[in-house]
Amino acid sequence: MPDLLVLGTAASVPDAEHDTVGLALRGPGWAVLVDCGGSPLHKLARRGVEPDHIRAAILTHRHTDHLYGLPMLVQGLWLNGREEPLPLYGPPETLAVARRLLDLFHLTRQPRIFTLEWHPVPLVPGFRVLEIEGVWITATPTVHADVQAIALRFDPAAGGRSIVYSSDTEPCPAVIRLAAGADLLLHEATGDYQGHSSPAGAAAVARQAGVTRLVLIHYPAPGVDLEPAAAEFPGEVALARDGDTYPL
């Protein structure tokens with residue numbers, strides 16, 4: 001059964017218990033990275049995911065805490081002997097920044113390095129990003145200041161639990177529609193700033209979407225007060241922790 005593994009939960013500043021945000025959709029012998037903070041290969045190895053299990057990576061937007069681990073990921077896979085192409089998905093401006101970042105470290109010009117396949121995700125609601133091992137991944141644009149950003153929904157084709165990851169966004173109708181009827185909403189709770197959400201704002205999205213469970217992620221380390229969210233959302237509310245897993 002596939003699950004969603006939490007690799008990091010912190011907003012831009014990590015601490016001893018919370019690395020910057022990242023997820024991995026995984027099953028037996030395969031994984032798809034979602035965002036690329038910290039040292040992805042190190043965090044995956046701690047959870048039993050081998051480098052050759054990585055089938056693709058999805059980058060939700062271009063901000064540093066979601067992208068800065070990409071050069072280490074690519075370098076590590078190259079030095080580990082990867083030959084299979086690595087598909088990279090994300091909004092157009094995110095992929096443009098990712099290309100420049102890898103080029104800065106000369107990783108796009110190394111001899112015998114594996115192919116990077118660039119797949120821009122259009123900023124339209126309900127765009128089907130890919131299907132992998134019976135899981136559909138769907139994207140919709142969010143409202144994150146002036147940055148192109150996407151939220152993601154993971155649906156098992158054969159039935160199971162649906163999970164939605166908001167990435168960075170203020171409360172917005174697009175995420176409510178994407179999360180409609182989902183079993184679990186992983187929603188950011190950075191704070192009540194432009195382009196971000198407070199715990200209460202995340203809970204309002206969860207309530208309007210009719211999800212079963214709300215888990216807050218991308219929050220200031222070491223955590224946030226759950227009471228405002230619990231007052232807004234009638235279902236279960238929890239904080240994501242690094243290393244948590246959520247089955248689909």
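## Strand β1 and its partners

In this predicted model, Leu4 has Tyr246 of strand β14 as its bridge partner. Strand β14 covers residues 245-247 and pairs with β1 through three bridges in the antiparallel sense. Leu4 also stands opposite Leu25, a residue of β2. The pairing between β1 and β2 (residues 22-27) is antiparallel and comprises five bridges.

Strand β1 itself spans residues 3-8 and is mostly covered, as six of its six residues are buried.

## Backbone features in loops

For His106, phi is about 60°, and the residue is located in the loop between α4 (92-104) and β6 (116-120). His106 counts as partly exposed because its relative accessibility is 44%. For Glu133, phi is about 50°; this residue lies in the loop between β7 (127-132) and β8 (135-141). With a relative accessible area of 48%, Glu133 is likewise partly exposed.

A cis peptide bond, with omega of about 5°, links Ala221 to Pro222. Pro222 is placed in the loop between β12 (213-217) and α7 (227-232).

Methods. Residues are numbered from 1 along each chain as its sequence is written. This is a predicted model: local features need pLDDT of at least 70, side-chain atom pairs count only at pLDDT 80 or more; totals for chains, interfaces and linings use all residues. Side-chain values use heavy atoms; hydrogens and water are left out. Buried means under 20% relative accessible area, exposed over 50%, partly exposed in between (1.4 Å probe, protein chains only). Helices (H or I, at least four residues) and strands (E, at least two) are DSSP runs, numbered from the N terminus. Two strands pair if DSSP finds at least two bridges between them.
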